[in-house]
Amino acid sequence: MRVAAAFAALVLLAACDTGTEERDAVASTRTVQRAYMPVPPGTVPRGASAQAAALAPPGPERMPALLARGEERFRVFCTPCHGVSGRGDGPVVSRGFAPPPSYHEERLRSLAPEQIVQVITQGKGRMFPYADRVLPEDRWAIAHHIKELQARGIGAASGQESAKP
Ligand code: HEC
């Protein structure tokens with residue numbers, strides 16, 4: 001009789017153990033898993049993929065409003081070092097920061113807008129990135145403003161008083 005009781009207790013214990021061991025650690029999250037659903041039409045992307053899409057060339061159309069926005073953003077973020085005319089003579093430089101090259105140098109004149117967008121996003125050499133301060137659309141606007149400065153040759157020759165910041 002005692003042997004049978006002990007045996008029954010063992011069986012019960014064993015049953016308990018098995019139950020614990022077999023429990024799936026992630027079973028509680030199963031209820032929130034849903035089948036794949038296609039992206040509904042008209043969905044506006046957000047996050048990293050939206051960022052990548054906004055930075056993909058050719059970027060927004062080069063319209064007067066975009067250029068105006070670019071000039072305004074350029075004056076806020078870039079002129080402290082690059083100067084209003086892009087000659088690399090901004091006030092920060094006059095206080096000892098490494099001078100950037102002039103936008104009117106041959107090498108920089110041949111930069112495509114997407115390359116300028118990349119410099120704003122990633123920085124280059126001694127210039128730190130502006131990705132956390134300048135929105136992707138504004139980076140295109142600034143890039144087109146710089147191309148405009150180059151095309152018009154504003155400040156190309158040094159000593160143009162009117163083009164000084
Ligand atoms: C704090 C000073 C500073 C500010 C502000 C600044 N830059 Fe620069 N930038 C530099 C310096 C310095 C270089 C040269 C980097 C090097 O080659 O080491 C440079 C280089 C560049 C170049 C040339 C890259 C190449 O291929 O050589 C571009 C284009 C440029 N900057 C665009 C911008 C734009 C657009 C902004 C505003 C969003 C901006 N920079 C703001 C300092 C600055």
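Which of the 22 residues around the ligand come nearest? They are Cys-78, Cys-81, His-82, Arg-107 and Met-127, where a residue counts as near if one of its heavy atoms lies within 4 Å of the molecule. This is a predicted model, in which local features need pLDDT of at least 70 and side-chain atom pairs count only at pLDDT 80 or more, while totals for chains, interfaces and linings use all residues. Residues are numbered from 1 along each chain as its sequence is written, and side-chain values use heavy atoms, with hydrogens and water left out.

- An N or O atom in the His-82 side chain is 2.7 Å from a nitrogen atom of the ligand.
- Lys-124 places a polar side-chain atom 3.1 Å from a ligand oxygen atom.
- For Arg-126, a polar backbone atom is 3.0 Å from an oxygen atom of the ligand.

**Helices H7 and H8**

- H7 (residues 113-122) and H8 (residues 136-152) have axes, lines fitted to C-alpha atoms over the stretch in contact, that come within 9 Å and cross at roughly 125 degrees.
- H7 is therefore oblique to H8, the class left after under 35 degrees (roughly parallel), over 145 (roughly antiparallel) and 65 to 115 (roughly perpendicular).
- The contact (heavy atoms within 4.5 Å) involves residues including Ile-116, Val-117 and Ile-120 of H7 and Trp-140, Ile-142 and Ile-146 of H8.
- Its residues divide into eight nonpolar, two polar and three charged.

**Cis peptide**

- Pro-57 and Pro-58 are joined by a cis peptide bond, with omega about 10 degrees.
- Pro-58 sits in the loop between helix H2 (48-55) and helix H3 (64-77), helices being DSSP runs of H or I with at least four residues.

Methods:
Axes are lines fitted to C-alpha atoms, for helices over the stretch in contact, and angles run from 0 to 180 degrees between N-to-C directions. Helices (H or I, at least four residues) and strands (E, at least two) are DSSP runs, numbered from the N terminus. Ala, Val, Leu, Ile, Met, Phe, Trp, Tyr, Cys and Pro count as nonpolar, Asp, Glu, Lys and Arg as charged, and the others, Gly among them, as polar. A polar contact is a pair of N or O atoms within 3.5 Å; within protein, one must be able to donate a hydrogen and the other to accept it, and residues adjacent in sequence count only if both atoms are side-chain atoms.
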